[in-house]
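Here's a quick tour of a protein chain, going from the overall make-up down to a few individual residues. Have a look at the model first.

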Amino acid sequence: MRIIEVCCSSLSEAREAEAGGARRIELCSAITCGGVTPSHGTITAIVQAGLNIDINVLIRPREGGFCYTADEVDTMCRDIEFCRQMGVHGVVIGALTAEGNIDIEACQRMIEAAGDLSVTFHRAFDVCRDPSKALEQIISLGCDRLLSSGQMPSAEQGAELLAELVRQAAGRIIIMPGAGIKPQNIALIEQKTAAMEFHSTAAIDDIDTAYRGVNCSFAAYPDREGVIRHSSREVVLQLVNNTL
């Protein structure tokens, strides 16, 4: 059975994911830069809402690359400890060395902080130097899942490598395609990769009709000014059920 994980940044989006039939959410903020760790207030609100859906929290202290200082690793470990105390299902981690390899030491520290939480290794994998070697290291670390686009801008483009990763993993870890997963392509990606879990924002665009000044823009891209992108239960439902 196909499992859908929805990338969410708010309680309302988490409710949409649940209503659409998602199995799990990845909770983060600042999705437009690839996501960073959400606030403790957001984590608390979603946990206390009592949703019938697994909550995984992205652990990433800033935008940019995945080579972290000792202070940044300390921060991530503290956020993981908070997540464990709150009783979330899992955390989503990743770290690389300056040479583009898996930062084993940093990841071990975060996994130790996670205790018995589920651990997903995130798309830092997609910019690592040697994907085959990195997969074996991630498996050795004890991660439950790898989120990847197959080292391409979208999972559809990276389907060939994703299929290779599924074969190499041989059931030792879950390979979860993510990036550009839509109702229109999920069945094809599923067929090409033999993956069973998929990660998507499951999003639609709404227009913010509230007044805003015309001389300043806070959008990452000017043509997105006033556009609110959020997860939709209808899109989640299509992701769950769409077949070729």
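## Ground rules

Keep in mind that this is a predicted model, so to speak of local features a pLDDT of at least 70 is needed and side-chain atom pairs count only at pLDDT 80 or more, while totals for chains, interfaces and linings use all residues. Residues are numbered from 1 along each chain as its sequence is written, and side-chain values use heavy atoms, with hydrogens and water left out.

## The chain as a whole

The chain has eight helices and ten strands, taken as DSSP runs (H or I over at least four residues for helices, E over at least two for strands) and numbered from the N terminus. Of its 244 residues, 49% are buried; here buried means under 20% relative accessible area, exposed over 50%, and partly exposed in between, with a 1.4 Å probe and protein chains only.

The accessible surface comes to about 11800 Å², and carbon and sulfur atoms hold 50% of that (Shrake-Rupley method, 1.4 Å probe). Among contacts with a separation of 6 or more, 66% link residues 24 or more positions apart, a contact being heavy atoms within 4.5 Å.

Eight strands make an open, parallel sheet in the order 7-6-5-4-3-2-1-8, where pairing takes at least two DSSP bridges between two strands. Strand 7 (174-177) and strand 8 (197-200) are the edges: each has a single partner strand, so one side of each has no neighbour in the sheet. On average, neighbouring strands are turned by 25° against each other, direction ignored.

Strand 1 (residues 3-8) pairs with strand 8 in the parallel sense over four bridges, and Glu5 has His199 of strand 8 as its bridge partner. Helix 7 (residues 186-193) packs on the sheet here, touching strand 1, strand 7 and strand 8, with its direction at about 140° to that of strand 8. Angles like this run from 0 to 180 degrees between N-to-C directions, using lines fitted to C-alpha atoms (for helices, over the stretch in contact). Helix 6 (residues 159-169) lies across strand 6 (145-148) and strand 7, at about 165° to strand 7.

Which strand does strand 4 (residues 90-93) pair with over four bridges? That's strand 5, again in the parallel sense, with Gly90 opposite Ser118. Strand 5 (residues 118-121) is covered on both faces: Ser118 and Thr120 are buried on one side, Val119 and Phe121 on the other.

Phe121 also turns up in the largest nonpolar core, which has 65 residues; Phe121, Ile25, Val91, Ile93, Phe125, Leu135 and Ile173 touch the most other members. Such a core is a set of buried Ala, Val, Leu, Ile, Met, Phe, Trp, Tyr and Cys residues joined through side-chain atoms within 4.5 Å. Beyond four places in sequence, the contacts of Ile173 include Leu135, Ile138 and Leu146.

## Two residues up close

Ser148 lies in strand 6 and counts as buried because its relative accessibility is 0%. A polar atom of its side chain is 2.8 Å from the backbone nitrogen of Gly150.

Ile104 belongs to helix 4 (residues 104-114) and is partly exposed, at 29% relative accessible area. Not counting residues up to four places away, Ile104 touches Gln137 and Leu141. Its C-alpha atom is 9.6 Å from that of Gly94, ten residues away along the chain.

Terms used
A polar contact is a pair of N or O atoms within 3.5 Å; within protein, one must be able to donate a hydrogen and the other to accept it, and residues adjacent in sequence count only if both atoms are side-chain atoms.
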